[in-house]
Structures are given as structure tokens and as C-alpha cells.
Amino acid sequence: MNWDSLDWSSLDRLRARFLAGNVATEPYWKTANDLAAYDLTYGERIGWKWDALLGELRRRGWPEAPARPWRVLDWGCGSGIAGRRMIAHLGVEHVAQLELWDHSPQAMDFARSRAQRAFPGLRVTIADPSPTPDLVVVSHVVNELSADDQARLETLLARAPRVVWVEPGTHAVSRTVQAWRDRLVAGGARVIAPCTHHAACGLLGVERERDWCHHFAAPPPGVHADRNWVRFAQRAGVDLRSLPYACLVLDRSPRSPDVPGQARIIGRPEVFKPYARVLSCEASGAATLTLPRRSLAPLVKQLERARGSLVYRWTRTEGAVIAGELDPALAAPGLDSPEGTGDA
Ligand SMILES: C[S@@+](CC[C@H](N)C(=O)[O-])C[C@H]1O[C@@H](n2cnc3c(N)ncnc32)[C@H](O)[C@@H]1O
């Protein structure tokens, strides 16, 4: 399927389903056309979120090349976009098998044929996922699960050696991911992203009910000027410029001690003439920081152009931030480091 043969009526039906946002008691994929239309549009847009997270993981050097090829499970695979992005990230030579699981047999079939087309020779299995894959991929599925299915998935994630999970960056879904994060960390998991620490999630603390842990991906250049994408965005009611996502990446390797003062900026920095304001999450909790331009001009300028994963190490005096050092390895490429970030 391409843009010319796209079945818009399939997309309209799916849109109504996604907007309803309730538990999927039965599979909603009716035909292979539904999956092909989804894969070209909604699925590709989800792929951009995966690109953002996998870009961060690449910059983090995670995961290390496996000693033996892995079994990768894509749980709730749909058209299989997340599994394919993950395999490209790992390098297909490091993957022994892609396992696909979805309560829709049609989705599993479609995802298998797309994976085999993308990675000829890759072993792809469907249904009955093995109980101990080396890495579990989850994408945009949690709000469709009943309480029982959520519990089943959580049990799987709690024993998986590695988990890479992406969800829409909405208030409700992000906070669900945050709550799972706390339970999985309590069970011994190490957080690779998005957190800089293993303390309780600061955004689940008191008086933080209105906040949620989300980040923004950038769509590929040129998408806004592409008439097909513009038509899709209008019809689907999505904003092509704004790609908020929630994520969680875990493994089971030993934790090193959290770095004091190392914080992640949640959402986007807000930059005004006299100051910048950021929601910063670190081991001591989440805090809204006001950074005056007068004393922190280079830092504020950097935040104005900020892209990608913004992990800072704050220096404070009497509780006030007097300098901030960006981890340049994690920020998106193209973000210059200011010469100095404070008057400390
Ligand atoms: C919004 S789609 C996301 C598909 C894909 N993971 C992606 O990111 O594009 C949600 C998927 O979850 C599947 N799903 C819903 N409930 C499920 C369940 N109880 N068990 C397995 N899969 C389920 C649906 O069939 C659908 O393919």
C-alpha cells in the first residue's frame, strides 16, 4: 500500500477506535488493508517516537552488543513497527528470533510478513511467546488492556532481562507507565531511560498530580510540507509537529549509584524574556525550576534551542540553581554547548 492506494475509510474507523481509548475486548483489525493503512500512517508516526528513543539509546551505548543473538518479543505488535525499529537498532545479526504477540492473529501475520520483508532470513515466530525473551518491546498498547492482561504483561516485564517501552505521552498513559516503573524498579530493575535515578518517581509525589513524564520526538524533515502527511494529519486530527511520548527502558544489570544533582527535564523547557522555566526530575524529587536570564544567560539560550534528551547536572546554592551542565552525549545532535552555563 502507498499513499495513492491508501484506504482512508480504514483509517477513519481506526481513528474512532483509538479516540474511544477503551479496553479492546476483541481484535479490531478487520482486514490486512487496515494494518497496511495503519503501518503507513499511525504506525510510521509511532516509528518517529521510536527513532527518538532509540537515538537516545544509541547515544547511551545501550545495549552493549550481545554475546549471543537475542530473542526479541514485540508484545501487542499490531503492524510490527516497534519490533522492526528495534531490530534495526540492535543490528539483525544480533537477533536470533523475532517473536510477535498480539490478540489479533491478523496483526501477527501482517507483522511477520513485514519483518521478513525488512530482514530477509530473520526467524520470525507468532503466538505463544517464550516466557523468557532477551528483550521485550511494548508500544502503544497499555490503555487497550484489561486489568488481567495488564497484570500478565507486568509479570512478563518484571522478569524480562530488558524492556523497551513507548507509549503516547498523554497525562493518563504516562502516569500509568510511571506507576509501573516504580513497581519494576522496586523489583530490582535498572532504569536506562528516562530516569536519572532509582528513587521513587518524583512525578507521582504529592502536588504533582497535574504533571506527567513525557518527552518530544521530532518528525522527519519535510513532513509538514508533504501533502499526504498533511492530509493524514487533518483527517486523523493529529498534530504533525507535536510527538509527545512516554517511555521506559529497563535492564537487570547491576545499578551504579545515582549521580547526585543529575536531572532530566520533562516535556519542553518554557523560555520567556526574563527567565526559563523547566520541570526537572531527579532523585530528590521533581521540581519546577526558574532560571533567570540575567545570571544564567547561556543556559537559558541553550534551553531555547533544546532538542532531544535533556539531562542536566545542576549546581545549587541554598536551593537555587546557579549552573547547569548538559550531558552533551544525550542531547540531540546539533545542539551546541554554551561556553559557560552560569556565573557560579
Ligand atoms: C494501538 S495498537 C499498537 C500496535 C503496535 N504496538 C504499534 O506501536 O504500532 C495496539 C495493539 O495492541 C493489541 N492488543 C490489544 N489488546 C491486546 C491484548 N489483550 N493482548 C495482546 N494484544 C492486544 C491490538 O490488537 C493492537 O494491535
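Helix 3 (42-60) and helix 4 (81-90) each contribute at least two residues to the shell around the ligand; helices here are DSSP runs of H or I with at least four residues, strands are E runs of at least two, and both are numbered from the N terminus. This is a predicted model, in which local features need pLDDT of at least 70 and side-chain atom pairs count only at pLDDT 80 or more, while totals for chains, interfaces and linings use all residues. Residue numbers start from 1 along each chain as its sequence is written. Here is a friendly tour, topic by topic.

**Ligand shell**

- The ligand is surrounded by 20 residues, and Gly76, Gly78, His103, Ser139 and Glu144 are the closest; a residue is near a molecule or strand if its C-beta atom, placed from the backbone, lies within 6 Å of it.
- By residue type, the shell around the ligand holds 9 nonpolar, 8 polar and 3 charged residues.
- In this scheme Ala, Val, Leu, Ile, Met, Phe, Trp, Tyr, Cys and Pro are nonpolar, Asp, Glu, Lys and Arg are charged, and the others, Gly among them, are polar.

**Confidence**

- Mean pLDDT for the protein chain is 91, with 96% of its residues at 70 or more; pLDDT is the predictor's confidence in each residue, from 0 to 100.
- Residues 335-344 are a stretch to treat with care: pLDDT stays under 50 there, and the model has 29 contacts beyond four places in sequence for this segment.
- Where pLDDT is low, the predicted coordinates should not be read in detail.

**Two domains**

- The protein chain is split into domain 1 (8-251) and domain 2 (262-326), with bounds that come from an automatic or database domain assignment.
- Taken over C-alpha atoms, the centres of domain 1 and domain 2 are 29 Å apart.
- Between the domains, 15 residues of domain 1 are in contact with 16 residues of domain 2, where contact requires C-beta atoms, placed from the backbone, within 7 Å.
- On the side of domain 1 that touches domain 2, the residues comprise 7 nonpolar, 5 polar and 3 charged.

- Glycine 261 sits in the loop between strand 8 (243-251) and strand 9.
- Leaving out residues up to four places away in sequence, glycine 261 touches Glu282, Arg313, Trp314 and Thr315.
- Glycine 261 and alanine 52 are 209 residues apart along the chain, and their C-alpha atoms are separated by 24 Å.

**Strand 10 and its partners**

- Strand 10 (residues 275-282) is largely enclosed by the rest of the structure, because 6 of its 8 residues are buried.
- Strand 9 (residues 262-271) runs antiparallel to strand 10 and is joined to it by 5 bridges; two strands pair if DSSP finds at least two bridges between them.
- Strand 9 and strand 10 make a hairpin with 3 residues between them, and valine 271 has alanine 276 in strand 10 as its bridge partner.
- Strand 10 and strand 11 (residues 285-292) also run antiparallel, joined by 8 bridges.
- The hairpin from strand 10 to strand 11 passes through 2 residues, and leucine 279 stands opposite threonine 288 in strand 11.

**Backbone points to check**

- Most residues other than glycine have a negative phi, and most peptide bonds are trans.
- Tryptophan 62 and proline 63 are joined by a cis peptide bond with omega about -5°, and proline 63 is in the loop between helix 3 and strand 1.
- Glutamate 64 is in the loop between helix 3 and strand 1 (70-75) and is exposed, with 8 other C-beta atoms within 10 Å.
- Another cis peptide bond links alanine 193 to proline 194, with omega about 5°; proline 194 lies in the loop between strand 6 (190-193) and strand 7 (215-217).
- Histidine 140, in the loop between strand 4 (135-139) and helix 6 (147-159), has a positive phi near 50° and counts as buried, with 21 C-beta neighbours inside 10 Å.
- Glutamate 318 has a positive phi of about 45° although it is not a glycine.
- The loop between strand 12 (311-317) and strand 13 (320-326) holds glutamate 318, which is exposed with 5 other C-beta atoms within 10 Å.

Conventions: Two residues are in contact if their C-beta atoms, placed from the backbone, lie within 7 Å. A residue is buried if 20 or more other C-beta atoms lie within 10 Å of its own, exposed if 12 or fewer, and partly exposed in between; C-beta atoms are placed from the backbone.
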